[in-house]
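Morning, everyone. I have one structure for you today, and I'll keep it brisk. Please bring up the sequence and the model.

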Amino acid sequence: MQYDSSLENKLNKIDNLEVRYNVPLKKYTSFRIGGPADIFLAPRTIPAFRKALSLLNNYQLPLFILGKGSNIIVGDKGFRGVVIYTGKLNRVEIKGKEIIAEAGITLSSLANKAMEAGLTGLEFASGIPGTLGGALYMNAGAYGGEMKDIITEAILLDYSGKEMKLKKKELGLSYRYSILQEKPLIAVKVKLKLKPGNREEIKAYMKEINQKRKEKQPLEWPSAGSAFKRPEGYYAGPLIEEAGMKGVRVGDAQVSEKHAGFIINLGNATARDVRQLMRMVQERVYEKSRVRLEPEPKFVGEF
Ligand SMILES: Cc1cc2nc3c(=O)[nH]c(=O)nc-3n(C[C@H](O)[C@H](O)[C@H](O)COP(=O)(O)OP(=O)(O)OC[C@H]3O[C@@H](n4cnc5c(N)ncnc54)[C@H](O)[C@@H]3O)c2cc1C
């Protein structure tokens, strides 16, 4: 796609902003699937992020915010517009029981920092392979914990680069949901409140739950985690198994033999393979159990 050349010049003038073109997104997704982003920006500071947004606001291009890409299925033709990658925003401040972190830090490194500081409450997130911003967007959760339990407020930018602060209540956190899914808002900093704990106990608990993950989940294959949200009153995995879909393949996309709630990439799966397999699973489960499964990952770009 052709862009106004003045945009290229102006982007290059912003300090602390990495600018690239035609970047294959498969390198940035846990599924290892996805075509190129026309423009790929990686701000290293929040002011650079703000400047880029304020500039882009004049061009009205489609925008996508990318964390660790662990909850998205990017189309094989990629994304026509601008992808802004948050992974270079990863500064962390710990003040007593409070952690103030930039949104691109991974949950695993944040959980380790909390452990080192003797703070408990983030262990549940240590094996979730996303960023703090992505975890806020999804209200990520596991092993009885969710982001809602520990987030107190967030600093966000709107798509024109304007900064605002939202308190926990205003973030609308509920099961795999936050207000960010409805509004064009980008998390750049998140404040968490944890509790004092024992470092060795925190470490041991993280080890235990991550061992359980390894035993139950097909972590040896690329995926986007649970392919479907948990339907009320059920678990997706057993419903999929009962519908006879465990191990079923479309191309190189397969319903995992280890955990039917996961769809894995056996090597060369395309986004279309995954989407087709997900639709098959939804149909078969509905025929068998009359339960409608809703995809958990977001579909992004052109398929
Ligand atoms: C093996 C595996 C296991 C998983 N286990 C779990 C689990 O136990 N529990 C769970 O809840 N999830 C799980 N997930 C899913 C995923 O890791 C989480 O949803 C995670 O929070 C996504 O974060 P991310 O940075 O990868 O987001 P991305 O996939 O990059 O993005 C997801 C969505 O969030 C938006 N987004 C990302 N960053 C920001 C930001 N800073 N501001 C605004 N919007 C943003 C994106 O635009 C996109 O719409 C798992 C995934 C995998 C691959």
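Let's start with Y286. Y286 counts as partly exposed because it has 14 C-beta neighbours inside 10 Å. The cut-offs run like this: buried takes 20 or more other C-beta atoms within 10 Å of the residue's own, exposed takes 12 or fewer, and partly exposed is in between, with C-beta atoms placed from the backbone. Y286 is found in helix α7. Leaving out residues up to four places away in sequence, Y286 touches V291 and R292. Contact means that the two C-beta atoms, placed from the backbone, lie within 7 Å. Now take Y286 and P196: they are 90 residues apart in sequence, and C-alpha to C-alpha they are 46 Å apart in space.

Some housekeeping. This is a predicted model: local features need pLDDT of at least 70, side-chain atom pairs count only at pLDDT 80 or more, and totals for chains, interfaces and linings use all residues. Residues are numbered from 1 along each chain as its sequence is written.

Next, the domains. The assignment for the protein chain gives domain 1 (5–85), domain 2 (92–201) and domain 3 (220–300). Those bounds come from an automatic or database domain assignment. Taken over C-alpha atoms, the centres of domain 2 and domain 3 are separated by 28 Å.

On to the core. In soluble globular proteins, nonpolar side chains tend to be buried together. Here the largest nonpolar core has 87 residues. A nonpolar core is a set of buried Ala, Val, Leu, Ile, Met, Phe, Trp, Tyr and Cys residues joined through C-beta atoms within 7 Å. Which residues have the most contacts inside this core? L136 and A187 do. What does A187 touch, not counting residues up to four places away in sequence? The answer is A103, G133, L136, Y137, A154, L156 and L180.

Now the ligand. There are 33 residues around the ligand, and G67, G130, G133, G134 and G225 come nearest. The elements giving two or more residues to that shell are β3 (63–66), α4 (132–138), β9 (141–142), β13 (185–193) and β15 (223–226). To be near, a residue needs its C-beta atom, placed from the backbone, within 6 Å. Which element gives the most to the shell? It is α4, with five residues. By type, the shell divides into 17 nonpolar, 14 polar and two charged residues. Ala, Val, Leu, Ile, Met, Phe, Trp, Tyr, Cys and Pro count as nonpolar, Asp, Glu, Lys and Arg as charged, and the others, Gly among them, as polar.

β15 takes us to a sheet. It is an open sheet of four strands, in the order β15-β18-β17-β16, with antiparallel pairing. The edge strands are β15 and β16 (249–250), and each pairs on one side only. Two strands pair if DSSP finds at least two bridges between them.

β17 and β18 form a hairpin with six residues between them. G261 lies in that loop. Buried or exposed, this G261? G261 is buried because 26 other C-beta atoms lie within 10 Å. Beyond its neighbours within four places in sequence, G261 is in contact with S226, A227, F228, A236, G237 and I240.

R32 is not a glycine, yet has a positive phi of about 60°. R32 lies in the loop between β1 (17–24) and β2 (36–43). With 17 other C-beta atoms within 10 Å, R32 is partly exposed. R290 is not a glycine either, and has a positive phi of about 60°. R290 lies in the loop between α7 (271–289) and β19 (298–300). R290 counts as exposed, with 7 C-beta neighbours inside 10 Å.

That's my tour. Over to you.
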